[in-house]
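I open the notebook on a new model.

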There are 2 protein chains.
Amino acid sequence: MSRANREVLAPALAALLGDGWRRPGEASHALADAVRALVVDGRLAARTRVPSERALSAELGISRGAVSRAYDRLREDGFLLSARGAGSWLTLPASAGGAATARVPPLPSGDDADSIRSLDLSIAALPAPDPLVAHAAERAVAVLPRHLAGHGYTAAGLPALRAAVAARLTERGLATTADEVLVTSGAQHALNLVLGLLAGPGERVLVDAPAYPRTLAAIRAARARAVPVPLGARGWDAGAWADTIRAASPRLAVTVADFHNPTGLTMSAAARETIATTCARAGTVLVVDETCAELRLDGPALPPPLGSFGPPGAVITIGTMSKSAWGGVRVGWIRATARTVRELAALRATVDMSSPVLDQLLAVELFKDWDAVVASRRSLLKSRRNALAASLAEHAPTWHVPRVHGGLSFWVRLPGPDATRLAAAAAREGLLVVPGPAFSVDGTFERHLRLPFTLPPEDLDAAVSRLAALAPASEEGQAFEAPVAEAV
Amino acid sequence: MSRANREVLAPALAALLGDGWRRPGEASHALADAVRALVVDGRLAARTRVPSERALSAELGISRGAVSRAYDRLREDGFLLSARGAGSWLTLPASAGGAATARVPPLPSGDDADSIRSLDLSIAALPAPDPLVAHAAERAVAVLPRHLAGHGYTAAGLPALRAAVAARLTERGLATTADEVLVTSGAQHALNLVLGLLAGPGERVLVDAPAYPRTLAAIRAARARAVPVPLGARGWDAGAWADTIRAASPRLAVTVADFHNPTGLTMSAAARETIATTCARAGTVLVVDETCAELRLDGPALPPPLGSFGPPGAVITIGTMSKSAWGGVRVGWIRATARTVRELAALRATVDMSSPVLDQLLAVELFKDWDAVVASRRSLLKSRRNALAASLAEHAPTWHVPRVHGGLSFWVRLPGPDATRLAAAAAREGLLVVPGPAFSVDGTFERHLRLPFTLPPEDLDAAVSRLAALAPASEEGQAFEAPVAEAV
């Protein structure tokens with residue numbers, strides 16, 4: 001019954017692979033590792049038909065036999081299925097994470113006690129702020145009976161939660177009313193709804209380079225086309241944005257202005273003003289993902305929210321409780337004009353109807369303790385950020401680690417273009433880390449790793465020490481480059 | 001910033017409208033009412049560009065002035081926006097439900113005490129089984145602290161919930177293991193995930209005619225094409241399924257085999273066997289939505305679950321707690337092969353990551369009381385079904401009401417093709433009801449209304465009496481037709 005549902009042609013696969021996969025030795029092993037990484041990162045979806053051996057060998061300039069052996073390897077590891085006349089297509093193996101496979105599936109179950117302490121640096125998420133969540137849940141349950149006489153469907157969200165989100169946004173400097181808020185199941189869900197309403201197939205969506213992998217995956221799933229604009233070491237290049245908007249007429253632009261994922265950069269007030277205005281003039285809807293906006297650890301105060309710049313309605317703001325409270329609470333939001341919120345609510349009713357009442361009540365209660373909730377996240381992240389920085393300085397002194405003043409991770413720069421190989425080698429030892437190319441549309445960022453500082457310090461230290469031991473020694477003539485300028 | 005994102009061409013709009021919208025008197029009023037109904041039902045999405053006045057008047061054979069006046073009316077009511085050079089596109093008005101507009105948006109907030117008692121027959125949903133949900137929530141909160149040390153992401157669902165779903169499916173006659181279960185946010189979400197994994201743009205999806213409107217909306221959103229196969233008065237026509245599968249080679253087929261929405265029909269064991277086998281042979285994945293499978297009120301025992309027919313893996317089963325427990329619990333599931341579940345979990349991580357931990361724990365607790373939960377639904381539905389039947393017999397004796405032995409609604413047959421007009425007239429008086437064409441891909445079923453029996457008996461009686469008063473008198477020569485055979 002399994003069968004391909006989409007296809008990646010040889011030139012597209014070659015572009016996704018970039019050149020980072022090539023390494024001395026048997027090409028089939030390197031190619032299989034690289035394709036496996038694309039599947040595990042979600043850059044290639046399950047049920048995607050792969051090119052014929054002949055087409056891929058021609059495209060990559062390696063022997064057909066090498067491609068054939070790479071495909072055999074992927075089949076053995078459970079990442080490839082084939083049927084006579086239907087070609088071969090990608091899938092996911094039953095047990096991943098073992099020695100034979102590169103990685104476990106993206107999101108291990110939260111119920112698995114082992115996964116909590118495993119060296120999984122692929123997820124940037126903290127345990128819950130306990131007992132704040134437990135207490136909020138008790139209060140939510142006490143309120144629940146008031147809602148049981150209704151049918152339980154809340155397309156735009158419980159009014160109390162919409163009001164609480166609006167109040168918090170207003171407090172942060174983005175004046176908002178409850179009818180400008182749609183409650184969603186987190187920021188990823190919010191982005192998918194915005195794409196579903198606004199971006200038709202083939203339309204262009206401006207993204208940062210690098211960008212969060214699931215942002216790129218959502219754009220692909222909407223069959224829209226991501227158009228990357230590079231982030232400089234100091235941040236957003238408003239001129240490059242204007243040029244790209246002129247050239248590509250993107251329908252949407254998606255960015256993370258506060259503690260950008262993965263770089264940790266924050267957009268200056270001047271860039272906010274220019275970029276919001278440029279987008280508004282061109283009719284490009286600017287979508288800002290504020291997932292990390294509450295996670296300032298130190299450094300300068302944040303500029304006003306990006307949504308407060310530009311003409312009214314020019315910016316759509318997405319937010320979530322996942323990082324500022326806990327990932328197990330699936331409450332996010334979209335802030336847009338009241339009209340757009342109505343349109344999104346109607347669309348949402350065809351996607352998944354509405355959010356659960358109890359989880360929304362829990363979110364309302366968490367907002368009542370919001371300062372304490374966020375403070376607990378910040379203090380934990382601050383100590384872990386410092387611990388990871390210390391471990392990196394000790395075990396990997398040739399890696400460049402730009403300082404960050406907020407968010408959840410470092411965007412580490414390696415001495416050489418080794419990220420995919422390093423991640424594959426680490427995965428074989430049960431250490432999961434996301435290599436730079438997962439954050440790109442074209443296989444770039446082979447010199448980068450995203451290292452979240454969300455695990456306990458002893459785990460972070462063990463992970464870094466193992467990674468550093470696996471990293472290739474700096475090559476001759478490839479001395480450590482001057483550090484890029486500090487973020488923010 | 002609002003702008004069209006898709007387009008409905010004049011022939012497609014004419015097909016959606018069918019002929020049911022035409023009525024004596026001013027054509028512009030009738031056309032505006034009918035277009036409004038398409039938007040409110042979700043058959044036309046917000047941000048869809050409408051045809052030019054010239055093109056639509058030619059297609060419908062009415063004057064251009066009439067189309068122009070209809071568009072003016074829609075603009076006044078807040079359903080249409082226009083901009084020079086960009087044409088006109090549909091939207092949703094700020095306040096709906098008043099005298100000037102046809103209806104409120106699809107899902108009013110569950111927090112609004114008024115909406116609970118309003119005469120809204122557009123939603124087939126009950127209040128929660130209290131105190132069972134309240135008690136289950138208390139137990140869920142007691143268990144929650146055990147999960148707070150994890151990151152809270154559960155891509156395939158909490159293991160305890162996957163196991164509980166598998167156990168219940170097994171009890172019902174569909175042997176299932178936990179790794180064959182993906183937890184979703186309800187059945188609509190489940191269907192969207194299955195479509196996202198399996199149905200590419202332009203691919204065909206076989207559906208029943210009539211079918212649940214949000215099933216059709218999900219297929220449209222996936223840019224796949226619904227191919228309807230008529231349901232007869234006695235149910236599924238296995239021969240017509242085989243012919244359609246041969247002619248259209250659909251990638252998927254979606255059906256509701258137990259207490260079908262809207263007809264209340266149940267598929268016989270013989271039809272299950274034939275249809276599952278036919279689909280499997282053709283490589284058409286059969287998706288069965290079991291939303292109402294637990295809601296048998298009386299009559300013959302149900303055949304074994306459709307998923308237990310055909311070769312292993314041939315059928316994907318979708319289920320939900322929304323109707324058998326409460327709509328405010330957003331827990332559903334997909335039962336498929338373990339491989340397909342892994343692929344769906346990876347897709348889900350790009351859609352909305354995972355379901356909330358607390359809501360999943362609530363669902364686990366509800367399964368512990370499952371017999372009591374379902375019994376409370378059944379007894380409430382049984383008395384309300386009987387009450388609605390009695391009200392219909394009293395106030396609308398010329399309407400045909402096929403008996404149903406389960407589910408949530410009657411598929412009422414009117415003496416004439418008046419459903420759209422009747423629904424529009426009722427909406428102007430604040431009574432919401434979904435006309436037959438919302439359940440079709442081509443504007444058919446103008447003789448049908450879906451009437452859920454989920455409101456309290458006094459509300460059902462008031463609604464039916466008002467509807468009957470608004471219905472046109474039976475026309476000369478259009479006597480009441482012989483009742484169709486009884487369902488099941």
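I start with a cut-off: contact means heavy atoms within 4.5 Å. This is a predicted model, where local features need pLDDT of at least 70, side-chain atom pairs count only at pLDDT 80 or more, and totals for chains, interfaces and linings use all residues. Residues are numbered from 1 along each chain as its sequence is written, chains are lettered from A and ligands numbered from 1 in the order in which they are written, and side-chain values use heavy atoms, with hydrogens and water left out.

**Entry 1: T350(A)**

I looked up what T350(A) touches. Leaving aside residues up to four places away in sequence, its contacts are Q188(B), N192(B), A217(B) and A218(B). T350(A) sits in helix 12 of chain A, residues 338-351. I take helices (H or I, at least four residues) and strands (E, at least two) as DSSP runs, numbered from the N terminus. Is T350(A) buried or exposed? Its relative accessibility is 13%, so T350(A) counts as buried. The scale is: buried under 20% relative accessible area, exposed over 50%, partly exposed in between, with a 1.4 Å probe and protein chains only.

**Entry 2: the two copies**

I superposed by least squares on the C-alpha atoms of residues with pLDDT of at least 70 in both copies. Chain A goes onto chain B with an RMSD of 0.0 Å, by a turn of 180° and a shift of 0.0 Å along the axis. The two copies are therefore related as by a two-fold rotation axis. Which C-alpha of chain A is nearest the axis? That of D359(A) is, at 3.2 Å from it. Both copies use the same surface: 100% of the contact residues of chain A recur in chain B.

**Entry 3: chain A overall**

I counted elements next. Chain A has 16 helices and 15 strands. Its radius of gyration is 23 Å, close to the 23 Å from the globule rule for 488 residues, so chain A is as compact as a globular protein of that length. The radius is taken over C-alpha atoms, and the rule is 2.2 Å times the number of residues to the power 0.38. Along the principal axes, the C-alpha atoms of chain A fill a box of roughly 65 × 55 × 50 Å. Of the 488 residues in chain A, 62% are buried. I also checked contact range in chain A: among contacts between residues at least 6 apart in sequence, 74% join residues at least 24 apart. The accessible surface of chain A is about 16500 Å², and 54% of it belongs to carbon and sulfur atoms. I used Shrake-Rupley areas with a 1.4 Å probe; for residues, only the protein chains shown count as cover.

**Entry 4: a sheet in chain A**

I traced an open sheet of seven strands in chain A, with order 6-12-11-10-9-7-8 and mixed pairing. Two strands pair if DSSP finds at least two bridges between them. Which strands are at the edges? They are strand 6 (181-184) and strand 8 (225-230) of chain A, each pairing on one side only. From one strand to the next, the twist averages 20°. Axes are lines fitted to C-alpha atoms, for helices over the stretch in contact, and angles run from 0 to 180 degrees between N-to-C directions.

Strand 11 (residues 315-320) and strand 12 (residues 332-335) of chain A run antiparallel, joined by four bridges. There, G319(A) stands opposite W333(A) of strand 12. Helix 7 (residues 159-171) of chain A packs on the sheet and touches strand 6 and strand 12. Its direction makes about 115° with that of strand 6.

**Entry 5: backbone exceptions**

Most residues other than glycine have a negative phi, and most peptide bonds are trans. I listed some exceptions.

- The bond from N261(A) to P262(A) is cis, with omega near 15°. P262(A) lies in the loop between strand 9 (252-255) and helix 11 (269-282) of chain A.
- F259(A) is in the loop between strand 9 and helix 11 of chain A. Its phi is positive, about 55°, although F259(A) is not a glycine. At 2% relative accessibility, F259(A) counts as buried.
- S249(A), also not a glycine, has a positive phi of about 45°. S249(A) is in the loop between helix 10 (238-248) and strand 9 of chain A.

**Entry 6: helix 15 of chain B**

How many residues of helix 15 (residues 419-428) of chain B are buried? Eight of its 10 are, and the helix is mostly covered. Among the buried ones are A419(B), T420(B) and L422(B). The buried residues pack against helix 2 (27-40), strand 14 (432-435), strand 15 (448-452) and helix 16 (457-470) of chain B. G430(B) follows helix 15 of chain B, with a positive phi near 85°.
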